[in-house]
Amino acid sequence: MKTIMAGMLAAAALAGTACSDHSATPAGPSYSAAKVSEASAAGGGAREGFGFNGTVRGFPTGEVFLTGGGSFDAATASNVVPSETDVKSGGGFRCVDAIAQGPLTGCAAGQGVRWDTAQLLASTTFKCTGADAAKPAATGAGTVVLLADFYRAGDGNDESFTAQIIVADHDLAPDIPGDQTLWVQGVGCGDPVVHFNR
C-alpha cells in the first residue's frame, strides 16, 4: 500500500509540473513510426519519466479517466508478449461512462481503481474513433506505448482488463481537432495534461 501511495504521489507531482509546459507542443507532428524509432535510438537507452492526468473517449460508448506516470527505457521495448522490459508505471483509473467495446468491455460507470504496466511495447497502431484510420505510434522520446492491466474494486490483485495505452507530449492525431496526447485501446483519445522529463 505504501508503494502504491508513493507512486501515486510521484505521479501527481509530475502531473502538477506539467501545467506550465502543456501549451508547448512541437510544430508539425508526424505519424511516422520510423522517425519516432530514430529518436529513440538517438537517446541511447536513456531513462525517461512521464506523468499525465485526463480523460479519453471517441468510440461509440464509454469514457475513461486516467492519471499516473512512471519511467521507462525505450531501448528495452518489445512487441513480443511477454518480454522483460524496463518500465515502472501505474496510476488511477475510473470508467466515467460504461464501455461496451474493446478490451475494457463491461467496465460500468463509476468502476475502476488503478492500473499498472504489464509491458513496455515498441509500437502499436491506434484509432481515436471507430471511423478513424489506423495510425502508428512507437515508444521513443516523448512517447510511451504500454500494455496495461486495469483493476476494479472487488477483483483484488487479479486484473479486470488488459489494454494498450499511448501517452505522448505531442499531438498523436493532427487530423482530429484538438491535441490527442493520450489513447486507450477501444475507448479513444483525449487531451490530458502530459509531461515528459528526459
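Q: What's the mean pLDDT here, and how many residues reach 70 or more?
A: This is a predicted model. The mean pLDDT of the protein is 84, with 77% of residues at 70 or more.

Q: Where does pLDDT stay under 50?
A: Over residues 1–44. For that stretch the model has 44 contacts beyond four places in sequence.

Q: OK, on to the fold. How many helices and strands?
A: Two helices and 11 strands. Reading along the sequence, you get α-α and then the β elements: α-α-β-β-β-β-β-β-β-β-β-β-β.

Q: Which residues touch the most others in the largest nonpolar core?
A: Leu66 and Phe150, in a core of 29 residues.

Q: And which strands each supply at least two residues of that core?
A: β1 (47–58), β2 (63–73), β3 (87–97), β4 (114–121), β7 (143–151), β8 (161–168), β9 (182–184) and β11 (193–197).

Q: What is Leu66 in contact with, leaving aside neighbours within four places in sequence?
A: Its partners include Phe52, Phe93, Trp115, Phe150, Ile165 and Val184. Asn53, Gly54, Gly92 and Leu182 are on the list too.

Q: Which residues are in the other core, the one apart from it?
A: That one has 13 residues, among them Leu121, Phe126, Ala173 and Trp183.

Q: Switching to contacts: of those with a separation of 6 or more, what share comes from residues 24 or more positions apart?
A: 63% of them.

Definitions and conventions. Residues numbered from 1 in each chain as written. Predicted model: local features only at pLDDT ≥ 70, side-chain atom pairs only at ≥ 80, totals over all residues. Heavy atoms only, no water. Helix = DSSP H or I, 4+ residues; strand = E, 2+ residues; numbered from the N terminus. Contact = heavy atoms within 4.5 Å. Core = buried A, V, L, I, M, F, W, Y, C linked by side-chain atoms within 4.5 Å. Buried < 20%, exposed > 50% of the residue type's maximum accessible area, 1.4 Å probe, protein only. pLDDT = per-residue confidence, 0-100.
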